[in-house]
Amino acid sequence: MKVAYWPGCVSRGFTPELHGSMARIAPLLDIELEPLDRAACCGAGVIAEHNQELADTLNARTFALAQQAEGTAMMMNICSTCQGAQAECQERLDANAEYRAHINATLADEGLSYEKGLTNKNFLWLLVEELGLDELRERVRRPLTDLRVGPFYGCYIVRPTERLHIDDERPRDTYLGLVIDALGGTVIDYAGAHKCCGFPILMMNREASLAQAGRHLGDAVDAAADCLVTPCPLCHLNLDLQQPLAERVVGRELDMPVLHLPQLVGLALGIPPDQLGLGRHVVKPTAVIDWTTAVVAEVGAPSSGG
Amino acid sequence: MAEFTLRLRRYDPESGDAPYWEEHTVDLEPHRSVLEAILQAKARFDGSIGIRCSCRAAICGSCGVRINGTPDLACHTHLDKAQRHSRDGVIEVEPMGNMPVIKDLIVDMEAVHWKKIRRVTPWLIAKQPVPEREYIVPRETMVDVTQSMACIQCGACVSDCLAMEVDPDFIGPAALAKAYRFVGDPRDDQPYERLKDLAEDPHGIYDCTHCFMCIDACPKDVAPMSQIMRLRRRAGSDYGIEDRNNGERHEQAFVTLVRKYGLLDEAELVPRSYGGDSPLSKFKPSVQKELASSLPSIAKALLRRKVTPAKVLKPHRLAKRDLQQVRRIYEEVEGHPERLELNLYITGYDEDEAVTP
C-alpha cells in the first residue's frame, strides 16, 4: 500500500532513529512511503494555542498535499502528537463547510484545497486496521518470545476518544498490546500505559514533568518490564533522553529502555538492532539487544518459509 | 430484569483498616444507572456503604466516582454499558482520585476541589459604574463562556488530572475552566489581573500538560483543557503577559521558529523558551544555567550520536518555495483584524457530516 507519509519534525531532529527505522521496515510490510516533504510542522497544539486558525491553515495545507499525492491510499504519520494535533484541526475543518471554505481561500494562491474526509492514520492504526494482525504475525521472523514489553501510547493518540474515533469497533487504545502480542512478546500491565509523559511542561515545570516520566518508568520497572514501546517521539524524549534527570527527581535507578514502535516491529521482522538505530538511545537497550542475540543464537536461522 | 455484579471499593479511614473490595449482585433493568445499583446494594445487603448523591439526573454533580477506572457520574452511567466496559464482567466502582477519601465512595471535595475553585475568585468583579439596570452586552460575547458555565462541579476532571497527580498544587481543570468563565465575560472588570495571576503562578495555566484527561472525564462537555488554552491565548496574545514560567516565551518561540524554518528546530526552541525569542538567547547566563542543569541528558545524547553538533547548528528546514507559502499563510492569518476561533461545542457539526475513519 502506498501512503502519503508525514514523519513529523522530531523524527528528523532529535529522534532520527525513528524515521530511519520506519524507512527500514516499510518495504518488509509492503508499505510504500511517499514523503510529504513540502509540508510544515503540525504545531503540536502549541500553534493552535497561539492562534487556532493559523494551525488549521497550516495543517489544511498538509492535508491538501496528501490528497494530491498520486496513488496514495491515505496519509500516515509516525508521531502520536502529530496524529492528535492534526486530528483536532481536521475535526474543525470537516465539521463546518463555511469554515473550510474560509481556510481554503487562504490556500487558493498556491492552487491547494482541502476536501473533507481525509484518512490520516498513525502507523500503529495502520498496522492493525490495514495490514492486519494476522498478516503481521505471518511476517514475523524472530518472535519476541519472553520479551516483556510495556505499551506507552502518548496522550494525543488515545484522547479525546470521540475525536480519535475510538470505540468498541475500533479499540485503538488497546492496539499496542495487540501488536506486542502479535509480534510474540509479553504485554506488561502497568499504571502508566495511557498516562502523560510530562514532555509538554518540561520547560514550564521541570520537576513535575520529570516526576511524571519517572513515575511511569518506575511503575514499568516494578512490573518487571524489559522495555517500553511508544508510537510518540515526544514521549521518547522525556522517557529516554531525559531519563537520567528523571532518575534524580524520583530518587531511584530506572534504566528502562524505551523503543520506538517501528524499532520493536523491526526486531520481530528479523532486522539487526544496529540497523534500527537502537544504539542511539540515551538508555542503552542492552537487555533488548542481549535478548535478540540470545534468541537468534537459540533459533539459529530465521524460521522457515512464511 | 437482569443481574449485575458490583465490585465496590470500601474504606473507612477512621477504622484503621486497609481498603478492601466487596462484591454485591443486584437485579435491575440494564438501562438503569450504576447509582441505582449501588443504592439497591445498600438497601438490601449493607446499609453502611458510603455514597453521596442527590438529584439522580446528572445535574447536581454529587455522585462522581470512578467506574471501571474512568471518572463519571454514577447516575449518568447505564449498567449495561458499564458491564460491557468492565474487565471481567464485574462493574468496578471506586472513589475519585486526587482527593482524600472520607468513606468508601465519598471523597473530600472541600480539601481539594472547592479550595481550588475559591483560588480563582469565582465571581464577577463588576465593571464600574454598575448600570442602574442590567448590563447590555452583545449576545456573541456571552456565547463563548457558555461552555464553561455548563460545569456542575462534580470533580470528575479533578479526579483524573495527570498534572495534579504529580503536582497537587496545580490549580487544575475545574478551577481554571471556572476562571475562563469570568475572564471571557465582557462584564468582568479585571481580566488582565486574573490572567496575570494565573500565568505567573508556577501551578497555574502553564502547568497543564495537555493530556486531554479532563476533556474525556467531563460528563457535561465543558472541555476544561480547551478553556485553559483559551486562557493562555488571552494572556499571551491579547495581554502580552510574559510569565516567569516560560509559558508565553515557549509559545512565541515555537510560533517564530515554524515561521522561520517551516519545521520545528528543537535545539533552538529550548534556549528561546528560557531566555526569550531571539537567536542570542542561548548566550544569556540565566539560560546557560538552565541548559547546564540538563547536562547529564545532553552529554549522553551527544555520546550516542542521537544529537550531533551539526544538527544543532544547522536545523532542518523546508525548501524555499514551501517556506514562502508558510510565511504567506502566517502573514495572511495574523493580518486578520480579529482572531477566528471555531468552537464546535457552540457551532455543532454540519448536518451532512460524514464520519471519517
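Predicted model: local features only at pLDDT ≥ 70, side-chain atom pairs only at ≥ 80, totals over all residues.

Student: Why is A:Ala55 called buried?

Tutor: Buried means under 20% relative accessible area, exposed means over 50%, and partly exposed lies in between, with a 1.4 Å probe and protein chains only. A:Ala55 has a relative accessible area of 3%, and therefore counts as buried. This residue sits in helix α3 of chain A, where a helix is a DSSP run of H or I with at least four residues, a strand is a run of E with at least two, and both are numbered from the N terminus.

Student: What does A:Ala55 touch, not counting residues up to four places away in sequence?

Tutor: Contact means heavy atoms within 4.5 Å, and on that count A:Ala55 touches A:Ile47, A:Ala48 and A:Cys89.

Student: How many disulfides does the structure hold over all chains?

Tutor: The structure holds zero disulfides over all chains. A:Cys82 is likewise in no disulfide, with the nearest cysteine sulfur, that of A:Cys79, lying 3.8 Å away. The relative accessibility of A:Cys82 is 5%, so this cysteine counts as buried.

Student: Which residues of helix α5 of chain A are buried, and how do you know that they line one face of the helix?

Tutor: In α5 (residues 97-107) of chain A, the buried residues are A:Tyr99, A:Arg100, A:Ile103, A:Asn104, A:Thr106 and A:Leu107. Seen down the axis of α5(A), these buried residues fall within an arc of 150 degrees, so they line one face; the arc is that of the directions from the helix axis to the C-beta atoms. An α-helix has 3.6 residues a turn, so residues three or four places apart point the same way. Among the elements that cover the buried residues of α5(A) are α3 (52-68) and α4 (80-95) of chain A, together with α17 (320-334) of chain B.

Student: What makes a space a cavity, and how many of 30 Å³ or more are found?

Tutor: On a 1 Å grid over the protein atoms alone, a cavity is a set of points where a 1.4 Å probe fits but cannot get out, and lining residues have an atom within 4 Å of a point. A search of the whole structure finds five cavities of 30 Å³ or more. The largest has about 120 Å³ of space, and its lining consists of 15 residues, with B:Cys151, B:Cys154, B:Cys157, B:Cys218 and B:Val222 nearest its centre.

Student: What is the volume of the second largest cavity?

Tutor: The second largest cavity has a volume of about 90 Å³, a volume being the space filled by probe spheres set on the points, which are joined across faces, edges and corners.

Technical notes. Residues numbered from 1 in each chain as written. Chains lettered and ligands numbered in written order. Heavy atoms only, no water. 1 Å grid on protein atoms, 1.4 Å probe; cavity = no way out; pocket = protein on both sides within 12 Å on 5 of 7 lines; lining within 4 Å. Disulfide = S-S within 2.5 Å.
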